[in-house]
Amino acid sequence: MPGQAWSKIKSEAANGALLNNLRLSILGLDARFQVSSKFRNLGLTIRGFLESCDEKVKLSKTIKERLPGLIDKLQAFRKTQIGGIVFGVFGFWFVFSGFFFQVLSWAFPVYLLTNWIFPGTIQNYARGVSAQFAQEAQERVRRAQGGSPGFGNQDFGSPGTQGSARSSYRETGDSTIIDVDAKVVDEKK
């Protein structure tokens, strides 16, 4: 008898019926007790409270103003010999004292609550970092090209060649299209 029940559970799990039944049960409980709407309302209430506290204390404004300068000073100290030693000893202590795992045990719920209370915060941060990296990469490419703003000012070929180039530039929706037709003739014959 227990073997038959176990084989039935395995077959239901294999074809997805078990997960479907679980999903339907959760949806039924949610419809009956309105759990998701209560959690949504609780999240909005907590978010409003935190935003009003931040307006009174002005903590986020202070952090945005002072944190970059503090990080620069910390990085400058870390690059010195004594700073490297201090950071190495701190890192060793941080991992082997167990404090690292304490921080992880608090950080994981904070991460989940942040995403629940302030939806999109982590995604917006990732987009901002991605845009910053893209801007830095474009700046590096521009500097590598000698500061020219595009293909029109570049020299196609070596000093002994003669070239002509036609380029067109247009933007469509989400992407940029650069069309370049170049004809290079070598005069070293």
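Buried means under 20% relative accessible area, exposed means over 50%, and partly exposed lies in between, with a 1.4 Å probe and protein chains only. Keep those cut-offs at hand for this tour.

This is a predicted model, in which local features need pLDDT of at least 70, side-chain atom pairs count only at pLDDT 80 or more, and totals for chains, interfaces and linings use all residues. Residues are numbered from 1 along each chain as its sequence is written, and side-chain values use heavy atoms, with hydrogens and water left out.

**The whole chain**

Show the protein chain as a cartoon. Its secondary structure comes to seven helices and two strands. Helices (H or I, at least four residues) and strands (E, at least two) are DSSP runs, numbered from the N terminus. The order along the sequence is α-α-α-α-α-α-α-β-β.

The chain exposes about 16200 Å², and carbon and sulfur atoms supply 63% of that. The area comes from the Shrake-Rupley method with a 1.4 Å probe; for residues, only the protein chains shown count as cover. Of the 189 residues, 4% count as buried.

Contact means heavy atoms within 4.5 Å. Among contacts between residues at least 6 apart in sequence, 30% join residues at least 24 apart.

**Stop 1: helix α1**

Select residues 2–15. This is helix α1, with 14 residues. From first C-alpha to last it reaches 20 Å, close to the 20 Å expected at 1.5 Å a residue. The expected span is 1.5 Å times one less than the number of residues. How many residues of α1 are buried? The count is zero, and α1 is hardly covered.

Pick E12 in this helix. E12 counts as partly exposed because its relative accessibility is 23%. Leaving aside neighbours within four places in sequence, E12 is in contact with A17, L18 and N21. Then step to G16, which follows α1 and has a positive phi, near 90 degrees.

**Stop 2**

Most residues other than glycine have a negative phi. The next two picks have a positive one.

- Q34 sits in the loop between α2 (17–33) and α3. Its phi is about 50 degrees, although Q34 is not a glycine. Q34 is partly exposed, at 48% relative accessibility.
- K58 sits in the loop between α3 and α4. Its phi is near 60 degrees, again in a residue other than glycine. K58 is partly exposed, at 45% relative accessibility.

**Stop 3: T45 in α3**

Select T45, in helix α3 (residues 35–57). Is T45 buried or exposed? T45 is exposed, because its relative accessible area is 54%.

**Stop 4: α4 against α5**

Select α4 (residues 59–78) and α5 (residues 81–96). Their axes come within 6 Å and cross at roughly 100 degrees. Axes are lines fitted to C-alpha atoms, for helices over the stretch in contact, and angles run from 0 to 180 degrees between N-to-C directions. The two helices are therefore roughly perpendicular, a label for angles of 65 to 115 degrees.

Which residues of α4 and α5 make the contact? From α4, show L74, F77 and R78; from α5, show I82, G83, G84, V86 and F87.

**Stop 5: helix α7**

Finish at residues 121–144, helix α7, with 24 residues. It reaches 35 Å from first C-alpha to last, close to the 34 Å expected. G146 follows α7, with a positive phi near 85 degrees.

Note on methods: Angles under 35 degrees count as roughly parallel, over 145 as roughly antiparallel, 65 to 115 as roughly perpendicular and the rest as oblique.
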